[in-house]
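Here is a short briefing for a first look at this structure. Please keep the sequence and the 3D view open as you read.

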Amino acid sequence: MDDEDFRALIEIVSEELRLSGVSDIADERHYQRTDPETGDAHLVEPQKRLIEILRAFDRHVSVRDGALVEQSLRAIRDVTRGEGPRHAVIELANDAEAREIDLGEAPDMREVRVDLNRLIARLSDFGFRSDEDDH
């Protein structure tokens with residue numbers, strides 16, 4: 001695959017994110033880097049940008065994953081005294097008006113996240129290594 005192929009995939013992913021109401025994930029401003037010598041901003045190369053967009057989407061999905069929420073609550077209960085938390089709610093403060101999402105009602109997104117991470121791994125096989133790969 002070449003840069004044009006990755007650009008085409010970015011367009012497809014960006015459109016799907018837009019249709020899902022999370023177009024900000026693919027906004028180019030998140031994927032600009034500034035050259036320290038010249039101060040010029042430029043977009044990261046298409047393959048790296050696509051992978052970063054998909055990783056950002058995975059983070060978005062993970063905070064809405066009922067299975068991950070329950071796993072996290074269980075881990076907290078295991079190390080706390082008493083009953084520990086049984087419920088989790090997040091407040092989305094970046095909306096026009098704040099709203100809460102009850103994570104106890106969140107769907108199990110494990111399968112989606114597994115598929116998404118397989119896709120990221122496959123795209124990474126084309127020669128790109130991110131800084132995250134070193135951690």
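The side chains of Arg74 and Glu70 form a salt bridge, at 3.6 Å from N to O. A salt bridge here is a side-chain nitrogen of Lys or Arg within 4 Å of a carboxyl oxygen of Asp or Glu. The model is predicted: local features need pLDDT of at least 70, side-chain atom pairs count only at pLDDT 80 or more, and totals for chains, interfaces and linings use all residues. Residues are numbered from 1 along each chain as its sequence is written, and side-chain values use heavy atoms, with hydrogens and water left out.

**Overall build**

- The chain has four helices and four strands. Helices (H or I, at least four residues) and strands (E, at least two) are DSSP runs, numbered from the N terminus.
- In sequence order, the pattern is α-β-β-α-α-β-β-α.
- The C-alpha trace spans about 55 × 35 × 35 Å along its principal axes.
- The chain has a radius of gyration of 18 Å, while a compact globule of 135 residues would have one near 14 Å. This radius is taken over C-alpha atoms, and the globule rule is 2.2 Å times the number of residues to the power 0.38.
- Of the 135 residues in the chain, 30% are buried. Buried means under 20% relative accessible area, exposed means over 50%, and partly exposed lies in between (1.4 Å probe, protein chains only).

**Salt bridges**

- A search of the whole structure gives 13 salt bridges.
- Arg74 and Glu70 both sit in helix 3 (residues 66-78). They are four residues apart, about one turn of the helix.
- Arg74 is partly exposed, at 41% relative accessible area. Glu70 is also partly exposed, with 34% relative accessibility.
- Salt bridges with shared partners link Asp24, Asp27 and Arg29 into one network.
- Asp24 counts as partly exposed at 40%, and Arg29 counts as partly exposed at 49%.
- Arg33 forms a salt bridge with Glu52, where the closest N and O atoms are 2.9 Å apart. Arg33 lies in strand 1 (residues 32-34) and Glu52 in helix 2, so this pair ties together parts that are 19 residues apart in sequence.
- Arg33 is partly exposed, with a relative accessible area of 31%. Glu52 is buried, with a relative accessible area of 16%.

**A buried contact point**

- Ile51 belongs to helix 2. Ile51 counts as buried because its relative accessible area is 0%.
- Ile51 and Ile120 are 69 residues apart along the chain, and their C-alpha atoms are separated by 6.0 Å.

**Surface charge**

- Asp2, Asp3, Asp5 and Glu45 gather in a patch of negative charge on the surface. Patches are made of residues with over 30% relative accessible area and no salt bridge; like charges are joined within 9 Å, and nonpolar side chains (Val, Leu, Ile, Met, Phe, Trp, Tyr) within 5 Å.
- Lys and Arg count as positive and Asp and Glu as negative, while His and the chain ends are not counted.
- Glu45 sits in the loop between strand 2 (41-43) and helix 2 (46-62). Glu45 is partly exposed, at 46% relative accessibility.

Notes. Accessible areas come from the Shrake-Rupley method with a 1.4 Å probe; for residues, only the protein chains shown count as cover. The place of a charge is taken as NZ of Lys, CZ of Arg, CG of Asp or CD of Glu.
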